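The following note sets out a number of points for a colleague who is examining the structure. Please read each point with the model open.

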Amino acid sequence: MLEQLNEKDFGTPKRISEQEVTLEIDGMQVTVAAGTSIMRAAAEGGVNVPKLCATDSLEPFGSCRLCLVEIEGRKGYPASCTTPAEQGMKVRTQSPKLQALRKGVMELYISDHPLDCLTCAANGNCELQDMAGVTGLREVRYGYGGENHLDSKKDESNPYFTYDASKCIVCNRCVRACEETQGTYALTISGRGFESRVSPGQDQPFMDSECVSCGACVQACPTATLLEKTVIEMGQAEHSVVTTCAYCGVGCSFKAEMKGSEVVRMVPAKDGQANEGHSCVKGRFAWGYATHKDRILKPMIRSKITDPWQEVSWDEALDYAAAEFRRIQKKYGRDSIGGIVSSRCTNEEGYLVQKLVRTAFGNNNVDTCARVCHSPTGYGLKQTLGESAGTQTFKSVEHSDVILVIGANPTDAHPVFASRMKKRLREGAKLIVIDPRHIDLVRSPHVQAEFHLPLKPGTNVAMLSSLAHVIVTEGLMATDFIAQRCEDKAFEQWRDFVALPENSPEAMQQVTGVSAELVRGAARLFATGGNAAIYYGLGVTEHAQGSTAVMGIANLAMATGNIGREGVGVNPLRGQNNVQGSCDIGSFPHELPGYRHVSDSTTRHLFEQAWGVEIQPEPGLRIPNMFDAALDGSFRGLYCQGEDIVQSDPNTQHVTAALSAMECIVVQDIFMNETAMYAHVFLPGSSFLEKDGTFTNAERRISRVRKVMPPKAVYADWEVTVQLANRLGYRMDYAHPSEIMDEIARLTPTFHGVSYEKLDRLGSIQWPCNDDAPLGTPIMHVDQFVRGKGKFIITKYVATDEKVTRKFPLILTTGRILSQYNVGAQTRRTENVQWHEQDLLEIHPHDAEERGIRDGGWVSIHSRAGDTVLRAKLSERMQPGVVYTTFHFPESGANVITTENSDWATNCPEYKVTAVQVMPVTEPSEWQKKYTRFSRVQHELLGKAKLSPSKDKSVA
Ligand code: SF4
Ligand code: SF4
Ligand code: SF4
Ligand code: FES
């Protein structure tokens, strides 16, 4: 879908009001919502008033005086951006006087501006240049010799954009963007009058300031002052295509601005329904990995992982993979192979992988990375509410009065949503944070949590029960809602359970480590503060009681009536871009698309008819069961598309032992990742820029991914799966991913109304989308729960087996950082490493002092599973007794430490609680030495890859 490069800018934000006003602008009648500026009213009527300091993503500021108009009956020349339209007003936007005034303003600007338009990188896309044209500026009467800023130094510190102060017109748009849109407050205008300049932090370079490189200021700048370095290098784009970010579960919509098939820049789409024109450093700038030299573009095979890789044609690689899978099945049985669906690939690609497993492989051995992140969400929400997904739109937060964030760190992991949330908090909503760490949200510019409950890792269920205890025993429940909407008996049992004295905050204080007074205060605020919404992340799910905690969250929402309307709800913040989608389309071993159990014969028959095969009625192996079965000798072959299980799954040494035991691992990826080092067939993957498809974000929003360049390795991922299925003797025949979506829609009631045509028309669709909801479902459970009546479920706290002892006295918990993403395969190959070039162990100064650990020193982290060595970072964000790290770099081995403990219902690993000891050391761990040797050998084997004679001409 080709888009206009520059979208229309209405000058000031849209106002929503039931009241309308009609006014006359240049003789034309215009009707707008009350509160709309004259500038916007004019733009809506087709009249563009000149402007520089106004843009429709920011509140008007009224500083440039270019947008002056005449209003009948009023003296002077008011600024149209700051003057609201009124009923009956008569406005003139053009007159000789206005023309002269505007020209005068422009003259002043241009007298202090380099006259290098022809060689300026913004040439052709500069509002100052446009305004010089619009105002008819032909000369500058003051000359250019006066005092000016033309020698101001450029700030090149940010790897992605420059700040050229000589071109700044001090319009303040960047400062307002950083405040209003991003909420970081990194910029100010320093100095006064002529001396005033934009300043990051205390007159620091951008990289030394609080700037998080979201790009909002660059987007807002009307001149070449703040400009992407890629635009400076490549020049202005010539066309653009709207697509969806492939990083996190926010699912931001972007315009890929292109020159031919090269990306010049990614610009957040103003009408993107998940992001409304905002972005974070990853989606906005960190896309260079897609063309990184490490991309593997030719298929490769080898019979043993100690053999050099051999480059082969696509035909040879696919023939080899298919023959190996068939050989293994013949020798070890039908269930000896399986597949892993990627949560980074599209819905259509995931659907095809699970279809291939259930048809061509003939079993249900298919799983996805949601196993290790949000599988408890699927289970817990299905049990209580009836649907395995979040209940709201992101926009809904604009109506929240109380926001409870538990086990999530949105400013790092879901930054664009965090900016929206912070905006609402600045408007006065109250915040409760339940997290062992003092995350940024607890206190950031103009945001201060009312309550921070710094619980001990592993005690979420105890905390949720004590919050519920207060709500029940203090009579703060929404009794009418419960009576009408929830199952009576289950509610009564739950009510009696949480009311037990053992669940009181006082009794649980010992367990959670949080004072009863704080818990009582937070519970009262949550229950009585108006619309209360819960946002949670992997800090809830990745526990031995992950599913229990999700049900505890749903219980709290039902008990207080906070479900089924704007501003409330239960909102899992999904990690990867398409983790919601990969679950929706049947990637779990027990569920067919649309979360229908394989044991349900009606559903099975539906798919059997459509696919022409018999589907096994028993669930297949989950990922951890695949590893166990590999070590037992019964699971021998794996098709792994776009997942790096060696780096991302817990207990690395167990995973690598399992992979080493297999006979054929087929990895389909864009890079030689950690898992591929154990593979026998490498099928080159395609990045999100190289294919068509859809992603589904954390709001259940299905958005289009559009191809902006041809696949670098010839095929998009879905085409490779089709070819593999065909070689296995199962016929797949699709000309385009839209046909795959049509099949999903045909076979899945919640997707019945979804099609590419509708997605193109509406921009995006939140499922369920069917005859009952043809335009999709922004808010779920409005009149009744999907399961009919909501079901309270008793959530008894059971302490994890992972206990601290004298040998392992600290608890390690893991998470993410803003600039890196998941296993880091993409972000490590971008300039984002400038913010985070290695994983660090955060430790409280008190724990560090006790052990003689200094900031920046090497420390060993030792758990029951293994040990590794990282650099220490002393941090008051930690509570004593808890240490923290990220897992973005393979050599860190964070998952060498994590154990195989997992959620009782879903096997989701207990990443967030590992008992460890931490000590200063001087050299890497044994595992790290072994890893370094293995990795070096594997890179040498990759270097030896040779092109064998090939009949396949498809790979040049
Ligand atoms: S890039 Fe974002 S955080 Fe940095 S100064 Fe600009 S708006 Fe602020
Ligand atoms: S840097 Fe750009 S947006 Fe900021 S004040 Fe200068 S011209 Fe305006
Ligand atoms: S918030 Fe997530 S989806 Fe949006 S740009 Fe950042 S990484 Fe991409
Ligand atoms: S655009 Fe209205 S004062 Fe600048």
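1. Proline 768 is placed in the loop between S32 and S33; helices (H or I, at least four residues) and strands (E, at least two) are DSSP runs, numbered from the N terminus. A cis peptide bond, with omega about 0°, joins tryptophan 767 to proline 768. In general, most residues other than glycine have a negative phi, and most peptide bonds are trans.

2. Some conventions apply throughout. This is a predicted model, in which local features need pLDDT of at least 70 and side-chain atom pairs count only at pLDDT 80 or more, while totals for chains, interfaces and linings use all residues. Residues are numbered from 1 along each chain as its sequence is written, chains are lettered from A and ligands numbered from 1 in the order in which they are written, and side-chain values use heavy atoms, with hydrogens and water left out.

3. Asparagine 172 lies in the loop between strand S7 (161-164) and helix H4 (173-182). Among the 13 residues around ligand 2, those that come nearest are Cys168, Cys171, Asn172, Cys174 and Cys221; a residue is near a molecule or strand if one of its heavy atoms lies within 4 Å of it. The shell around ligand 2 has nine nonpolar, three polar and one charged residues (Ala, Val, Leu, Ile, Met, Phe, Trp, Tyr, Cys and Pro count as nonpolar, Asp, Glu, Lys and Arg as charged, and the others, Gly among them, as polar).

4. Ligand 1 has around it Phe161, Cys178, Leu187, Phe206, Cys211, Val212, Ser213, Cys214, Gly215, Ala216 and Cys217. This shell divides into nine nonpolar, two polar and no charged residues.

5. Which residues surround ligand 3? They are Cys245, Tyr247, Cys248, Val250, Gly251, Cys252, Phe254, Cys280, Lys282, Gly283, Pro415 and Val416. Helix H7 (281-285) and helix H12 (415-426) each contribute at least two residues to the shell around ligand 3. By class, the shell around ligand 3 comprises nine nonpolar, two polar and one charged residues.

6. Helix H9 (residues 347-361) packs against helix H26 (residues 737-747) at an angle of about 65°, with the axes 9 Å apart. Axes are lines fitted to C-alpha atoms, for helices over the stretch in contact, and angles run from 0 to 180 degrees between N-to-C directions. H9 is therefore roughly perpendicular to H26 (angles under 35 degrees count as roughly parallel, over 145 as roughly antiparallel, 65 to 115 as roughly perpendicular and the rest as oblique). The contact (heavy atoms within 4.5 Å) involves Asn347, Glu348, Tyr351, Leu352 and Lys355 of H9, and Pro737, Ile740, Met741, Glu743, Ile744 and Leu747 of H26. By class, the contact of H9 with H26 has seven nonpolar, one polar and three charged residues.

7. The axes of helix H13 (residues 460-473) and helix H16 (residues 505-512) come within 10 Å and cross at roughly 165°, which makes H13 roughly antiparallel to H16. Ala462, Met463, Ser466, His469 and Val470 of H13 make the contact with Pro505, Met508, Val511 and Thr512 of H16.

8. Met106, Tyr109 and Ile110 in H2 meet Leu128, Met131 and Ala132 in H3. The contact of H2 with H3 has six nonpolar, no polar and no charged residues.
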